[in-house]
Amino acid sequence: MTVTAWLAAIVFVATYVLIASEKVHRVKAALGGAAIMLLIHATAAGSAFFSQESGVDWNVVFLLLGMMIIVGVLRQTGVFEYLAIWAAKRARGRPFRLMVLLLVITALASALLDNVTTVLLIAPVTFLVCERLALPVAPFLIAEAMASNIGGTATLVGDPPNIIIASRAGLTFNDFLVHLAPLVIVLTAVFIGLCRLLFRKAFRYDPERAAEIMQLDERAAIQDKVMLVQSLSVLSVVIAAFVLHPVLHYEPSVVALLGAGLLVLVTKITTDDALREVEWPTLVFFAGLFVMVGALVETGVITQVSQAAAEATAGRPGVTTMVLLWASAGLSAIVDNIPYVATMSPIVADLAQHVPGDHNVLWWALALGADLGGNATAVGASANVVILGIAERNGTRISFWQFTKYGLVVTVVTVALCVPYLWLRYLM
């Protein structure tokens with residue numbers, strides 16, 4: 001490799017360490033790394049901002065932007081508070097039944113929206129319900145974070161790594177739905193069974209508290225019925241357009257932006273309020289990350305790594321797929337799965353050229369490994385970090401090891417179940 005390639009690799013690794021250690025805010029690290037890549041001429045403005053192979057993936061950025069606006073408007077209707085209170089009443093105050101309902105709601109919402117947004121909406125209400133039932137909130141929050149990561153694996157928009165993979169591999173919303181959703185249903189059921197064992201000490205039933213929760217009126221949580229109808233209608237149209245991509249030929253980013261624009265147009269919400277709900281730091285983080293990864297592509301580092309990986313597995317599809325699955329799960333546990341997938345996507349794209357058979361199996365292995373591996377530790381996925389932050393702000397501290405001791409079990413079990421699925425469906 002050239003001197004510039006070595007410098008680019010050093011800058012990337014150093015930035016990665018800063019992101020993983022959380023010594024520097026990840027947005028600062030990503031922007032700083034991108035700036036240095038441009039400074040040392042590892043990439044240039046034309047490549048960084050306009051190249052399809054090595055530039056910022058604007059499809060990812062604008063898909064997230066559109067969905068953030070839609071969910072931000074939906075948040076203001078109070079529908080998520082309604083669902084949480086409804087779940088508590090349907091469970092009749094029984095702790096495990098309550099957890100099951102909350103996990104199903106979380107997994108489903110994460111598949112339709114995205115996992116970070118879902119936990120932002122579900123977690124505050126979980127505090128309310130657990131306080132009313134005198135239940136320890138930490139097990140519920142940990143389980144919800146994991147359910148969001150599992151549920152988000154099912155669709156293109158459910159987990160940010162999937163958005164990156166879809167854009168890089170040319171996969172559609174329906175591809176994820178057909179190939180991953182059936183497995184995710186099974187994994188969710190298994191995960192609920194694990195929760196019964198892992199969190200059994202938290203399920204303390206108090207009849208008096210349960211009677212109090214039954215007095216809550218979930219309908220009072222709905223703040224704007226008209227906006228709720230408008231929001232759900234637009235969201236339904238957006239999801240339908242995702243599914244009908246083979247017919248309509250609109251990219252998911254275009255659909256999300258059109259849906260966001262329509263929602264702002266038909267509701268009484270102002271543009272300032274709509275844009276205030278956007279997680280701008282997340283979008284900037286993605287942009288900086290794409291510039292850094294693009295620099296590795298431009299300097300040939302990605303090609304070198306992919307060729308080495310192909311040689312190590314001798315180009316055998318089964319071995320390559322399994323190594324990618326477990327390596328992705330392990331590495332995503334160490335760092336956030338978003339930067340991991342952003343880094344691995346060009347490597348997998350290049351690796352696919354050296355491996356015979358169905359190349360998409362490599363993308364499914366990457367998605368499953370990264371999404372499910374994110375459950376292993378408190379820093380493995382953005383949803384986990386968000387949950388810990390919400391807990392701390394509400395006076396409940398969830399330590400790194402408290403999360404991890406459960407997360408490792410869940411990750412090993414769920415990833416292990418992916419092995420026979422990938423072998424039987426794609427490698428036999």
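Student: Which helices each supply at least two residues of the lining of the largest cavity?
Tutor: Helix 4 and helix 7 do. Helices here are DSSP runs (H or I, at least four residues), numbered from the N terminus. Before going on: this is a predicted model, where local features need pLDDT of at least 70, side-chain atom pairs count only at pLDDT 80 or more, and totals for chains, interfaces and linings use all residues. Residues are numbered from 1 along each chain as its sequence is written, and side-chain values use heavy atoms, with hydrogens and water left out.

Student: OK, and which residues line the largest cavity?
Tutor: Met-68, Val-71, Gly-72, Arg-75, Thr-117, Leu-120, Glu-277 and Glu-279. Helix 4 gives the largest share, four residues. On a 1 Å grid over the protein atoms alone, a cavity is a set of points where a 1.4 Å probe fits but cannot get out; a pocket is an open set with protein on both sides within 12 Å along at least five of seven lines, and lining residues have an atom within 4 Å of a point.

Student: How much space lies in the largest cavity?
Tutor: About 50 Å³. Volume means the space filled by probe spheres set on the points, which are joined across faces, edges and corners.

Student: Where is the second largest cavity, then?
Tutor: Its lining is Thr-172, Phe-173, Ala-241, Phe-242, His-245, Tyr-250, Glu-251 and Pro-252.

Student: Switching to pockets: what volume does the largest pocket have?
Tutor: About 640 Å³. It has 28 lining residues, with His-25, Arg-26, Ser-382, Val-385 and Val-386 nearest its centre.

Student: Which helix gives the largest share of that pocket's lining?
Tutor: Helix 22, with six residues.

Student: Is Leu-258 buried or exposed?
Tutor: Exposed, at a relative accessible area of 54%. Buried means under 20%, exposed over 50%, partly exposed in between (1.4 Å probe, protein chains only). Leu-258 sits in helix 15.
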